[in-house]
Each structure stands twice: as C-alpha cells, then as structure tokens.
Amino acid sequence: MRLAAVLLLLAAAGCASAPPRPVAPELFAVIPGPSGHVGSIVVRTGATEQVLDRAYSASRVGSNGLAETATLSAEEVNRTFGATIEALPGRPATFVLYFLEGKDELTPASRVELEKVFAELKRRPAPDIVVIGHTDTVGNLAFNDKLSLARAERLREMMVALGIASERIQAAGRGKRELLVVTDENVSEPRNRRVEISVR
C-alpha cells in the first residue's frame with residue numbers, strides 16, 4: 001500500500017508541467033536572399049512549432065515564451081536587421097580569366113570581363129581572395145610553373161592597385177598540372193591558359 005502511494009506520487013510528478021520560465025523577447029523572420037530566393041525556418045517554443053516559409057513572415061516570441069506569427073514589411077526588416085545584414089560576408093564567387101599564349105597578358109575578352117570582377121571586389125568590404133594561375137601544355141614544367149605564377153601575380157598586383165589590401169590576396173601557380181581541358185603535351189589550348197579567382 002505504501003509502495004503504491006509512492007508510485008502514484010512519482011506518476012503525478014511526471015505528468016505535471018513546470019511553469020514556463022520567462023525568456024527574453026525574440027523575433028525570427030524569413031528574409032529573401034539577394035537573388036530573391038526564400039528559404040524557411042522552424043520556430044519551436046515549448047510544444048508548439050511554427051514553419052515560416054514566406055518572404056518576411058515572422059514569429060515574435062514574448063517574454064512568456066509564447067510565439068505569435070506576423071508579417072513584417074521590408075522597412076521593418078531593414079530597420080531591425082539592416083546593420084546585421086550589412087555585416088554579413090558576401091557569398092563566395094569564382095571568376096576565370098584567360099591569357100594570351102606564352103604571356104601574362106589577358107585576352108581582349110578577359111580584359112572586358114576584368115571590369116566585372118573588379119566591380120564585384122569593390123562591392124565587398126573585406127574580401128579574401130585566392131588567385132591561381134594555370135597554363136596549357138606548351139613548354140616544359142619549369143617554364144609553365146613560372147608563367148602560371150606570373151599570371152597570378154599580375155592579377156594580384158592589379159587588385160592591390162585597386163585598393164585591396166595585399167595581405168587579403170593569395171597568389172599561386174599550378175603550371176600545367178591542373179588542366180581545364182585535358183590535352184597531350186605541347187598543345188596550345190586557350191581554355192587552359194587562365195587564372196581562377198576565388199573570392200569569399
């Protein structure tokens with residue numbers, strides 16, 4: 001009889017729910033990406049769950065721990081999250097520029113493309129950049145190692161002249177070791193004469 005009373009007491013304690021603890025008010029919102037893509041988030045509070053999957057849909061969690069859905073305006077989002085959004089690093093991007101055969105001089109088409117690359121770099125407050133130079137298979141290994149590094153260094157110098165801190169740019173040459181288009185030795189392949197610029 002006494003054992004049954006203890007079990008009943010334990011069962012009652014297991015069923016009782018603790019009063020919700022006060023929490024700091026929070027706001028969760030779905031903000032469209034730069035391309036307009038809209039993701040989704042799940043907000044869980046206690047036993048409730050809210051799925052937010054529309055642009056500017058939001059959930060406000062009060063100090064009592066209860067959540068209520070809302071729809072924010074673009075102005076509200078900008079006012080509340082603008083500083084945070086501005087501080088986010090840009091998405092990684094990769095660019096490929098091509099060179100004249102046997103030289104560290106860009107092709108006319110890539111000189112035009114270079115302006116777009118520089119515009120993207122200027123848009124980022126503190127980019128981390130890696131420039132890797134490559135060659136085709138014309139010439140021996142030592143020649144192509146030197147040429148690929150010269151191509152990468154040339155781009156690096158141009159970026160520094162643009163105002164980007166030199167310590168934020170790494171340059172390296174891979175010679176003819178990482179061909180974009182696999183060829184035999186001594187094949188002049190324009191697509192292999194390139195630098196790849198990766199920006200974070």
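Reader: Let me start with strand β5: how many of its 5 residues are buried?
Author: A word on the source: this is a predicted model, where local features need pLDDT of at least 70, side-chain atom pairs count only at pLDDT 80 or more, and totals for chains, interfaces and linings use all residues. Residues are numbered from 1 along each chain as its sequence is written, and side-chain values use heavy atoms, with hydrogens and water left out. Buried means under 20% relative accessible area, exposed over 50%, and partly exposed in between (1.4 Å probe, protein chains only). For strand β5 (residues 67–71) the number buried is 0, so the strand lies largely in the open. In the chain, 28% of the 200 residues count as buried.

Reader: What is the order of the strands in the open sheet?
Author: The sheet has 3 strands in the order β1-β4-β5, with antiparallel pairing. β1 (26–29) and β5 stand at the edges with a single partner strand each, so one side of each is left without a neighbour in the sheet. On average, neighbouring strands of this sheet are turned by 25° against each other, direction ignored. For such angles, axes are lines fitted to C-alpha atoms, for helices over the stretch in contact, and angles run from 0 to 180 degrees between N-to-C directions.

Reader: Is Ala58 buried or exposed?
Author: Ala58 sits in strand β4 and is buried, with a relative accessible area of 0%. Leaving aside neighbours within four places in sequence, Ala58 is in contact with Leu27, Phe28, Ala29, Leu52, Glu68, Thr69, Ala70 and Leu72. For the chain, residues 24 or more positions apart account for 63% of the contacts with a separation of 6 or more.

Reader: Now the helices. At what angle do α3 and α4 pack?
Author: Angles under 35 degrees count as roughly parallel, over 145 as roughly antiparallel, 65 to 115 as roughly perpendicular and the rest as oblique. Helix α3 (residues 108–123) and helix α4 (residues 141–161) pack at about 50°, with their axes 11 Å apart; they are therefore oblique to each other. As for handedness, a crossing is left-handed if the near helix is turned anticlockwise from the far one by less than a right angle, and right-handed if clockwise. The crossing of α3 and α4 is right-handed.

Reader: Which residues of α3 and α4 meet?
Author: Leu114, Phe118 and Leu121 in α3 meet Leu155, Met158 and Met159 in α4. The residues of this contact divide into 6 nonpolar, no polar and no charged. In this scheme Ala, Val, Leu, Ile, Met, Phe, Trp, Tyr, Cys and Pro count as nonpolar, Asp, Glu, Lys and Arg as charged, and the others, Gly among them, as polar.

Reader: Where is Asn186, which has a positive phi although it is not a glycine?
Author: Asn186 lies in the loop between β8 and β9 (194–199), with a phi of about 60°. At 55% relative accessibility, Asn186 counts as exposed. Tyr56 also has a positive phi, near 70°. Tyr56 belongs to the loop between β3 (48–52) and β4 and is partly exposed, with a relative accessible area of 26%.

Key. Helices (H or I, at least four residues) and strands (E, at least two) are DSSP runs, numbered from the N terminus. Contact means heavy atoms within 4.5 Å. Two strands pair if DSSP finds at least two bridges between them.
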